[in-house]
Number of protein chains: 4
Amino acid sequence: MSRTVGSYGPKTMEAIRKACLRLIFEHGFEAMSLRQLAAEVGIREGSLYNHINTKQELLFELIKEHMEEVLQQLEAALAGIEGSVERLKAFVAFHVNYHMVRKKEVFVANFELRSLDATNYSEIVAMRQAYEKQLADILEEGVTDGVFIVGDIRVATFAVLAMLTGVCTWYRSNGRLGRDDIIKTHTRLVLHGLRTGDGTRGRRSL
Amino acid sequence: MSRTVGSYGPKTMEAIRKACLRLIFEHGFEAMSLRQLAAEVGIREGSLYNHINTKQELLFELIKEHMEEVLQQLEAALAGIEGSVERLKAFVAFHVNYHMVRKKEVFVANFELRSLDATNYSEIVAMRQAYEKQLADILEEGVTDGVFIVGDIRVATFAVLAMLTGVCTWYRSNGRLGRDDIIKTHTRLVLHGLRTGDGTRGRRSL
Amino acid sequence: MSRTVGSYGPKTMEAIRKACLRLIFEHGFEAMSLRQLAAEVGIREGSLYNHINTKQELLFELIKEHMEEVLQQLEAALAGIEGSVERLKAFVAFHVNYHMVRKKEVFVANFELRSLDATNYSEIVAMRQAYEKQLADILEEGVTDGVFIVGDIRVATFAVLAMLTGVCTWYRSNGRLGRDDIIKTHTRLVLHGLRTGDGTRGRRSL
Amino acid sequence: MSRTVGSYGPKTMEAIRKACLRLIFEHGFEAMSLRQLAAEVGIREGSLYNHINTKQELLFELIKEHMEEVLQQLEAALAGIEGSVERLKAFVAFHVNYHMVRKKEVFVANFELRSLDATNYSEIVAMRQAYEKQLADILEEGVTDGVFIVGDIRVATFAVLAMLTGVCTWYRSNGRLGRDDIIKTHTRLVLHGLRTGDGTRGRRSL
DNA sequence: AATGAATGAGATTTCATTCAT
DNA sequence: AATGAATGAAATCTCATTCAT
């Protein structure tokens with residue numbers, strides 16, 4: 001199904017991905033027309049089809065590739081880190097940073113799932129759940145160890161994810177604060193929000 | 001020839017609002033066609049225009065009325081409550097509850113702003129900012145009083161709001177947990193996330 | 001078919017006719033919507049149908065009544081006048097004057113015939129031909145008498161009518177010239193245009 | 001599936017113009033639907049938009065191109081001709097001939113101005129005025145030279161133009177008279193209508 | 001007489017997609 | 001790989017008209 005792009009000329013495809021991402025980020029997938037997309041890339045509508053199969057598939061691939069990458073990068077970010085607190089810190093730092101650096105991809109992958117058709121939707125949702133599970137597992141470990149207190153683990157997982165993901169809706173790279181500042185604020189909120197009164201004391205580092 | 005009995009009268013507008021909300025919630029504003037909407041209501045597409053002016057205006061009014069109501073209800077929920085901690089508790093409880101009870105309205109008002117035209121967008125954004133300011137003011141008061149520690153007040157405001165709003169994306173009224181459970185989990189996360197180590201001690205109530 | 005307006009309340013019907021005439025004059029029959037018309041009159045679209053049967057019939061009656069009146073007034077204007085020159089003068093004066101005083105009716109009756117359905121069109125065209133025949137007869141009499149020279153009587157009839165009718169497209173009641181000035185200019189053009197070199201001499205009066 | 005063979009290619013635009021002209025001539029611009037137009041051309045409605053931008057723009061371009069051509073051809077027709085009488089003769093012959101040969105274009109350009117939007121209307125009206133001025137200048141020269149007597153130059157200009165333009169409303173190429181006959185009748189009407197008694201005598205040529 | 005709400009047809013325009021060149 | 005021109009479906013919106021109230 002998906003075209004094998006030859007060795008010569010992958011530049012157009014890259015331009016399409018980039019423009020598509022920007023247009024969806026700005027107007028939404030439904031509101032983005034292939035006319036606009038082609039114009040942005042500097043080719044005609046018909047020519048798009050030398051590079052893509054359908055609009056739906058383009059969206060799907062964009063989201064899927066993002067999910068693959070984010071999953072892989074998360075794995076790398078957590079690799080070798082032990083202990084629920086340390087793993088949580090790593091998770092937060094990674095997630096928030098990624099949601100600033102790749103905010104368009106993240107935004108699309110979060111808010112355009114509705115536009116995926118049934119099959120594609122299922123596939124992406126499974127990947128999302130794998131991602132969420134990483135956080136859920138950290139929380140669970142922490143609760144088991146008595147380091148975290150949360151009312152309900154699933155709810156807490158959703159809540160923390162929602163908080164951390166929110167950054168992609170307002171972050172501007174030329175804004176008032178640096179990425180590190182933003183990561184810090186979120187880390188404090190999450191860690192304090194979850195930790196028990198005791199476990200926190202001695203090693204507060206934020 | 002004869003019109004569908006029962007759909008006549010002033011009930012139609014209410015049916016339109018309700019169906020519209022549901023369709024936007026499920027498919028998104030751009031993806032919802034007036035054909036679908038009319039079918040849902042049980043009238044012809046053209047008949048919609050006895051009740052609305054344009055699709056855009058319908059969206060705008062739906063969102064605007066929601067914003068007016070949520071602002072007014074928030075005011076009521078905070079009325080007479082003193083002290084940043086108590087005000088924050090009230091804010092969280094109100095916000096989370098409202099985002100479960102009116103999740104469709106809230107979802108639309110949060111995720112369909114993109115579909116508003118420039119003028120309408122500005123008007124709604126102003127109302128959103130008024131809402132956000134209520135939380136920002138609480139945080140600021142708490143920081144000034146030394147009860148809260150937050151890295152950056154604006155970031156913390158966004159983060160808390162994103163967390164609390166997230167509930168409208170997954171809450172099901174027939175789900176595993178009751179609304180009170182969900183409110184409790186969020187309240188704990190927020191209050192612990194923001195409070196200083198000291199101020200918290202004596203009167204922890206969660 | 002045509003409603004018998006009762007003895008009470010013919011005011012609305014008069015308002016409809018007047019507004020309709022103005023709207024057709026300004027935008028054309030096809031471009032005028034009954035919405036606009038109703039709004040102009042100050043009632044709702046549906047209420048129009050207490051006064052008219054169809055949009056088509058409204059146009060037809062407007063034109064028909066105009067044709068009846070113009071035919072009758074022309075007859076009056078020519079009554080008792082003898083001789084082709086004198087009759088021609090009377091014709092020109094009447095036609096030009098009428099096309100200034102009633103320019104909207106005239107304009108509609110001239111340029112909206114296309115919008116009449118087949119039956120109505122035939123009826124109006126017959127009346128128009130009766131009107132044209134009056135001028136054609138005058139020309140013919142003048143040619144027979146040797147007072148007029150025209151290449152072809154039918155062509156000359158059309159040409160003179162087109163010239164005289166044109167006034168309804170540019171005349172403004174508050175314009176630079178009075179109606180008499182405009183009539184004079186047209187009379188001279190027509191009479192000189194048609195007359196023989198000889199017949200003209202002695203009694204030139206313009 | 002496969003498109004109508006033969007309608008492919010750059011001939012389509014020409015077919016659109018031609019069919020559009022005919023349909024407007026017969027039914028009026030407002031009454032002509034793009035459905036009809038597409039059917040006439042042998043393509044689907046949507047396919048029209050590979051060639052036009054909007055219905056309005058199609059009308060505008062049709063009229064504008066006509067105006068450009070008629071202005072240019074008039075210039076050519078008057079080039080090198082001296083003296084108000086000779087120039088007037090040339091004007092009449094050109095105008096009447098053009099209004100028979102290109103009667104559809106002329107009709108549309110004269111009677112569909114109403115359907116142009118404000119900007120387009122202004123542009124075309126300016127071109128019309130340039131055309132009218134050519135006649136007005138001839139009349140003025142003739143009056144100055146004492147060859148023409150007219151009550152009022154502006155009125156006479158309108159009157160003569162209305163007369164000559166009228167031909168496009170009734171001329172049929174297979175009618176009773178040839179184009180030369182029709183031109184002759186109009187030339188006589190105009191020249192006699194305008195000329196002084198004296199200037200005419202010696203060299204009457206009609 | 002007037003209204004509000006309905007109808008069914010139809011308007012212009014946009015869309016994703018196809019395909020011969 | 002790109003283009004221009006086609007398709008067929010669908011979008012929003014308008015229209016004249018009807019009719020219970």
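Chain B meets chain A through 29 residues on each side; two residues are in contact if their C-beta atoms, placed from the backbone, lie within 7 Å. The model is predicted: local features need pLDDT of at least 70, side-chain atom pairs count only at pLDDT 80 or more, and totals for chains, interfaces and linings use all residues. Residues are numbered from 1 along each chain as its sequence is written, while chains are lettered from A and ligands numbered from 1 in the order in which they are written.

**Chain B against chain A**

- Helix H7 (153-165) and helix H9 (179-194) of chain B each supply at least two residues of the side that touches chain A. Helices (H or I, at least four residues) and strands (E, at least two) are DSSP runs, numbered from the N terminus.
- H9(B) gives the most to that side of chain B, with 10 residues.
- By class, the side of chain B that touches chain A has 14 nonpolar, 9 polar and 6 charged residues. Ala, Val, Leu, Ile, Met, Phe, Trp, Tyr, Cys and Pro count as nonpolar, Asp, Glu, Lys and Arg as charged, and the others, Gly among them, as polar.
- Copies are superposed by least squares on the C-alpha atoms of residues with pLDDT of at least 70 in both.
- The same surface serves both copies, as 97% of the contact residues of chain B recur in chain A.

**Chain C against chain D**

- Here 29 residues of chain C are in contact with 29 residues of chain D.
- Helix H8 (153-165) and helix H10 (179-194) of chain C are the elements that give two or more residues to the side of chain C that touches chain D.
- H10(C) gives the most to this side of chain C, with 10 residues.
- The side of chain C that touches chain D has 14 nonpolar, 9 polar and 6 charged residues.
- Chain C can be laid on chain D by a turn of 180° and a shift of 0.0 Å along the axis, with an RMSD of 0.2 Å. That is the relation of a two-fold axis.
- Both copies use the same surface: 97% of the contact residues of chain C recur in chain D.

**Chains that do not touch**

- No contact joins chain A and chain C, whose closest C-alpha atoms lie 32 Å apart.
- Chain A and chain D do not touch either. Their nearest C-alpha atoms are 12 Å apart.

**Inside chain A**

- Chain A has 11 helices and 0 strands.
- Its C-alpha trace spans about 65 × 40 × 30 Å along the principal axes.
- Of the 206 residues of chain A, 34% count as buried. A residue is buried if 20 or more other C-beta atoms lie within 10 Å of its own, exposed if 12 or fewer, and partly exposed in between; C-beta atoms are placed from the backbone.
- Among the contacts in chain A with a separation of 6 or more, 68% come from residues 24 or more positions apart.

**A helix pair in chain D**

- The axes of helix H1 (residues 11-27) and helix H2 (residues 34-41) of chain D come within 9 Å and cross at roughly 125°. Axes are lines fitted to C-alpha atoms, for helices over the stretch in contact, and angles run from 0 to 180 degrees between N-to-C directions.
- H1(D) and H2(D) are therefore oblique to each other. Angles under 35 degrees count as roughly parallel, over 145 as roughly antiparallel, 65 to 115 as roughly perpendicular and the rest as oblique.
- Residues making the contact include D:Ile16 and D:Leu23 of H1(D) and D:Leu37 and D:Val41 of H2(D).
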